[in-house]
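Please look over the sequence and the model before reading on.

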Amino acid sequence: MVKQINKLRPKFTTHADGSDAVLFIHELVGEQDGPTVGISASIHGNENAGSQAILELYRVLKDMPLKGRILLLPVANPKAFAVNHRFTPLDELNLNREFPGDDRGNYTQQLAFALAGDYFDKLDANIDLHSGTDRPTVDYVYIWSDEGLSRAFGSKILYRPTTGKTGTVYTGTTKTVTIDRRPEMRVTTIELGGGIVDQGPYVKRTVDGMLNQLRYLGVIAGDVVAPPRQVVVGELVGIRPKHGGWLEPLSPPNGEIIKGGQLLGRVVSPYDFETIEEIPTPFENGIMVMQHLSRNLVEAGDYGFMVGNLDGSEQ
Ligand SMILES: [Zn+2]
């Protein structure tokens, strides 16, 4: 059994309606010493598959023997989560660009500051759960400081960010208050789920993946399940539709190959039925990472697709 479960509710400010702004953290303390592992979700409020997975994981973990301590942060940004919105509605800021935050800044910066001090600074390892929204669905895992931890989740596609030509910048993300502060921290970012489909299978995969990662970290007993055949891409491109309208998907499922010349999808006008845009895949040898599962209405520049480049990839 878990020795003790504490519901931590550190308050960091007061809302205009008089309610307390608090963090919602569950602390599961094991019988034996070991690392402190955090599991966080809904830093983006419209990616709630991870929050569902943490609820299910809690139901499993509360009756298990633990070595060390687990801090569950099921909803990192409650105000955004409550309205199914990527940004905090109070100031329209992206929490995952505001770390390390500012105790005297605007609301999202205060939230980021509280999360840094009361959550991230206390951890030896963190698993951060992201997903698609109720539009696109996504399936890959970032490799940051511990490749084994990332692989242990069991997803087929992994992404090793490089400061190469894609020039992706991670300023203000959780990286700022984890491995940038303490390089020895073991962290990973999971991207799994989303789309207008039952999230149950994604939630189950997330729970199974996290249990395997907790075995890898030595927090729960049992042998680590070897991952399936995996591919590590160093180049991952997000493709947004230029135009708004019906986005009609034409791509193969996530994890499948897409060859140069194939279309990811097309945008069709809901009004005059004309095809406004055809969206080609960017690589000769690509692998699907994010896509839409159904005909969705998109605005110009919404999230569309992500494709990994298999040229230059590793196993
Ligand atoms: Zn996200």
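The sections below describe a metal site and then salt bridges.

## Basis of the report

This is a predicted model, in which local features need pLDDT of at least 70 and side-chain atom pairs count only at pLDDT 80 or more, while totals for chains, interfaces and linings use all residues. Residues are numbered from 1 along each chain as its sequence is written, and side-chain values use heavy atoms, with hydrogens and water left out.

## The zinc site

His44 (ND1), Glu47 (OE), Glu47 (OE) and His130 (ND1) coordinate the zinc ion at 2.1 to 2.5 Å. Donors here are N, O and S atoms within 2.8 Å of the metal (3.2 Å for Na, K and Ca); water is not among the atoms, so sites may look incomplete. Along the chain, the donors follow the spacing H-x2-E-x82-H. Glutamate 47 lies in the loop between β5 (32-41) and α1 (49-61), and histidine 130 in strand β7 (residues 125-130), so the pair ties together parts that are 83 residues apart in sequence. Helices (H or I, at least four residues) and strands (E, at least two) are DSSP runs, numbered from the N terminus.

## Salt bridges

The whole structure holds 15 salt bridges, each a side-chain nitrogen of Lys or Arg within 4 Å of a carboxyl oxygen of Asp or Glu. One of them joins arginine 205 and aspartate 139 (2.9 Å, N to O). Arginine 205 belongs to helix α5 (residues 200-216) and aspartate 139 to strand β8 (residues 136-143), so this pair ties together parts 66 residues apart in sequence.

Within helix α5, lysine 204 and aspartate 208 lie 4 residues apart, about one turn of the helix, and their side chains meet in a salt bridge (2.7 Å, N to O). Glu147, Arg151, Arg160 and Glu314 are linked in a network of salt bridges.
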